[in-house]
Amino acid sequence: MSTAELQETVFFILATVIVVCSILTVTTNRILRSATYLLFVLFATAGIYFQLEYSFLGAVQLTIYAGGIIILYVFSILLTTTDKSKVSRLKNSKMFAGLITALAGAAICVYITLMHSFGPSRFVGGEINQKVIGTALMGTEKYQYLLPFEVISVLLLTCIIGGIMIARKR
């Protein structure tokens, strides 16, 4: 098996894991299982980043999302109690509306993908210089990410404060 065939096989395995676990995330009735399936989706996404030789993005994916956000989800799930009597089944009309919306979104994605002419790939493998990444993250110009970086830090701070407040009530 050649290297290209091996990379393609790994990609299809990771893509299959992402699709299957994404479906399981939104269809399972148990919230802890849903968080676990989401963790598998995030791990597989990081695997695709590593396969593309974007080790920085893969490390960020593992650290921030798979490491931080999922742990916050699990702590929130385990620290909050649900009253089983208040849990209600989803009405058929809402289930039908959700199904129609999902099918419409999938149809739009397929239509756009089929109608778009993809040009030749101009991907250059290898690492990007850390100075370029740092300038892009901390700059305020177009295509620089200081504002999203600050929003993510405020989101994480809010999650930490929320986790402390939930734990403090106990």
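**Close-up views of a predicted model**

View 1. Beyond the residues up to four places away in sequence, serine 34 touches Thr25 and Thr28. With Thr25 there is also a polar approach: the side chain of serine 34 reaches the backbone oxygen of threonine 25 at 2.7 Å. Serine 34 is placed in helix H2, which spans residues 31-51. Its relative accessibility is 15%, and serine 34 therefore counts as buried, the limit for this class being under 20%.

**View 2. Leucine 42, a further residue of helix H2.** Leucine 42 has a relative accessible area of 14% and is buried. When residues up to four places away in sequence are set aside, leucine 42 touches Gln61, Tyr65, Ala66 and Ile70. The C-alpha atoms of leucine 42 and cysteine 21 lie 9.7 Å apart in space, while the two residues are separated by 21 residues in sequence.

**View 3. The aromatic pair of the structure.** Phenylalanine 11 has a relative accessible area of 36% and is partly exposed. For phenylalanine 12 the relative accessible area is 48%, and this residue is likewise partly exposed.

Technical notes
Residues numbered from 1 in each chain as written. Predicted model: local features only at pLDDT ≥ 70, side-chain atom pairs only at ≥ 80, totals over all residues. Heavy atoms only, no water. Phe/Tyr/Trp six-rings, centres within 6.5 Å; stacked < 30°, edge-to-face > 60°. Buried < 20%, exposed > 50% of the residue type's maximum accessible area, 1.4 Å probe, protein only. Helix = DSSP H or I, 4+ residues; strand = E, 2+ residues; numbered from the N terminus. Polar contact = N/O pair within 3.5 Å; in protein donor to acceptor, adjacent residues only side chain to side chain. Contact = heavy atoms within 4.5 Å.
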